[in-house]
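Student: Could we go through how aromatic contacts are read from a set of coordinates, beginning with the general idea and then turning to the case at hand?

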Amino acid sequence: MDSKSFRFITHQSFFTAVREEDLEALKNIISDDGPDPSSLIALQNDAGETAVYIAAENNFVEVFNYLISFCDLQTVLIKSKADMNAFHVAAARGHSGTYLNLVAYFSGISSKFIIFPLFCVILFDGSRYVC
């Protein structure tokens, strides 16, 4: 099997483990990826979602907390094709614990990253995201 095929299978397994909230499988995939899993964590699926985004969207707290330990702020701020990042989706879904974990983990960030997603949720009209 060539390296591209192997990497594609790893990506599929990675996103499947996140969507199934399978923390043990996720830990195995990340440990197999090498000493710096940041490129794996920054991967986006067909919808432009990162693993952190998926965990925030679904309120998979243990998976989310594990994943953010490998993230930098740029990774968390990657927007999906729906034009939302992990901050936005956690706030929009009302996952306050996940949202507050993000804020706490990135405590040195600008307040615009904290307040703006909450403001956007207020503007959300149920059919489209207006920010």
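Predicted model: local features only at pLDDT ≥ 70, side-chain atom pairs only at ≥ 80, totals over all residues.

Student: How many aromatic pairs does a search of the whole structure find?

Tutor: The search finds 2 aromatic pairs. In one of them, the rings of phenylalanine 14 and phenylalanine 15 have centres 5.4 Å apart and planes at 65°; because planes over 60 degrees apart count as edge-to-face, that is the class given to this pair.

Student: Are phenylalanine 14 and phenylalanine 15 buried or exposed?

Tutor: The general idea is to compare the relative accessible area with a cut-off, since buried means under 20%. Phenylalanine 14, with a relative accessible area of 0%, is buried, and phenylalanine 15, at 11%, counts as buried too.

Student: What geometry do tyrosine 66 and phenylalanine 70 show as an aromatic pair?

Tutor: Tyrosine 66 and phenylalanine 70 form an edge-to-face pair, with 5.1 Å from centre to centre and 80° between the planes. Tyrosine 66 is buried, with a relative accessible area of 18%, whereas phenylalanine 70 counts as partly exposed at 27%.

Student: Which charged end sits over the ring of tyrosine 66?

Tutor: For such a contact one looks at both the distance to the ring centre and the angle to the ring normal. Here the charged end of lysine 27 sits over the ring of tyrosine 66, at 5.7 Å from the ring centre.

Terms used. Residues numbered from 1 in each chain as written. Heavy atoms only, no water. Phe/Tyr/Trp six-rings, centres within 6.5 Å; stacked < 30°, edge-to-face > 60°. Buried < 20%, exposed > 50% of the residue type's maximum accessible area, 1.4 Å probe, protein only. Lys NZ or Arg CZ within 6 Å of the ring centre and 35° of its normal.
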